[in-house]
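Hi,

Here is the structure I promised to pass on.

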Amino acid sequence: MKFVLTFFCAFLIHLTCSAQIDNIGDYEVKVYSYKFKTTKGFLKKINAEGIGIEDKKGNYIIFRTADIKKIKVKKRGLTLLNGLTGGTLIGAGLGGAIWSLDESGENTADMAKLTAILAASGAVIGTAAGGFSELANKKLTLRVKGNQQYFKNNFHRLEKYLNHSEPIQHVNN
C-alpha cells in the first residue's frame, strides 16, 4: 500500500511539473470587451485602431478601440493554483516516502500525522510562492474604456509584448 501511495504521489507531481511544448509567447493578454466575452490570448498585432490577438484555440480575434474596456498583460508562469497543487503534492509525496521507510508498520498513526503536516506545509509554501509569482508577473494594465484618444496615446506601450512566433501548423493525415 505504501508503495502504491508513493507511486501515485510521484505520478501526480510529474503531471503538475511537466513542461509545455506549445509554440506561444511569454506574455498573455486578457481583453475585457463591451460587446464580446473576455478573451485570453497572445498579442499578434497592434495599431491605433485596435489590437489583434490569437486565443489559445488558434482563433485570431480583432478588437476595435470602441469595444475595449481594459487590456491586461502578464508574463506567463506559476499561478496561485499551480503553486498550491504542486506544494501539496510534493509535501504528500515526501510524507509518503518517509512513511514507506517504516517497514514494521508500528508507527502508522504517527506517519499519517507527519504526512498530513508535510502536505499542509507544502500547500502553504506553494500558495505563497504562487501568490508572489502572480504579483511579480503582472506587467501592464490599460484601462481604455472605449476612449479612442487614450488608446491612440498609449498603444505603443503594448509593442514590447507582441508575440512574433510563427503560428502552430496543424496537419491532417
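Let me start with a hairpin: strands E1 and E2 form one, with five residues between them. Before I go further, keep in mind that this is a predicted model.

**The overall layout**

The chain has four helices and six strands. Going from the N terminus, the elements come in the order α-β-β-β-β-β-α-α-β-α. Of the 173 residues in the chain, 31% are buried.

**The sheet**

The six strands make an open sheet, ordered E4-E3-E2-E1-E5-E6, with antiparallel pairing. At the edges sit E4 (residues 60–64) and E6, each of which pairs on one side only. If you ignore direction, neighbouring strands are turned by 35° against each other on average.

- E1 (residues 27–33) and E2 (residues 39–47) pair in the antiparallel sense over three bridges. Val 31 stands opposite Thr 39 of E2.
- E2 also pairs with E3 (residues 50–55), again antiparallel, over six bridges. These two form a hairpin with two residues between them. Asn 47 stands opposite Gly 50 of E3, and Gly 41 has Asp 55 of E3 as its bridge partner.
- E3 and E4 run antiparallel and are joined by five bridges. Gly 52 stands opposite Ile 62 of E4. The hairpin of E3 and E4 has four residues between the strands, and in it Gly 58 takes a positive phi near 95°.

**The core**

Which residues touch the most other members of the largest nonpolar core? They are Leu 43, Ile 51, Ile 71 and Leu 158, in a core of 17 residues. E1, E2, E3, E5 (residues 68–75) and E6 each supply at least two residues of this core. E5 gives the most, with three residues.

**The helix pair**

Next, have a look at H2 (residues 80–100) and H3 (residues 108–137). They pack at an angle of about 155°, and their axes are 6 Å apart. Angles over 145 degrees count as roughly antiparallel, so that is the label for H2 and H3. H2 passes H3 in a right-handed crossing. As for what the contact is made of, its residues divide into 12 nonpolar, 13 polar and one charged.

**Some loop residues worth a click**

Lys 145 is in the loop between E6 (residues 138–142) and H4 (residues 148–154). Its phi is positive, about 55°, although Lys 145 is not a glycine. Is Lys 145 buried or exposed? Its relative accessibility is 59%, and the cut-off for exposed is over 50%, so Lys 145 counts as exposed.

Now go to the loop between E1 and E2, where you will find Tyr 34. The relative accessible area of Tyr 34 is 46%, so this residue is partly exposed. Tyr 34 and Lys 145 are 111 residues apart along the chain, and their C-alpha atoms are separated by 8.7 Å.

Phe 36 lies in the loop between E1 and E2 as well. With a relative accessible area of 45%, Phe 36 is partly exposed. From Phe 36 to Ile 68 there are 32 residues in sequence, and the C-alpha to C-alpha distance is 9.1 Å.

**If you open it in a viewer**

1. The contact of H2 with H3, with its right-handed crossing.
2. Lys 145 with its positive phi, and then Tyr 34, with 8.7 Å between the two C-alpha atoms.
3. Phe 36 and Ile 68, with 9.1 Å from C-alpha to C-alpha.

That is all from my side.

Cheers

Note on methods
Residues numbered from 1 in each chain as written. Predicted model: local features only at pLDDT ≥ 70, side-chain atom pairs only at ≥ 80, totals over all residues. Heavy atoms only, no water. Axes fitted to C-alpha atoms, helices over the stretch in contact; angles between N-to-C directions. Parallel < 35°, antiparallel > 145°, perpendicular 65-115°, else oblique. Left-handed = near helix turned anticlockwise from the far one by under 90°. Nonpolar A, V, L, I, M, F, W, Y, C, P; charged D, E, K, R; others polar. Pairing = 2+ DSSP bridges. Buried < 20%, exposed > 50% of the residue type's maximum accessible area, 1.4 Å probe, protein only. Core = buried A, V, L, I, M, F, W, Y, C linked by side-chain atoms within 4.5 Å.
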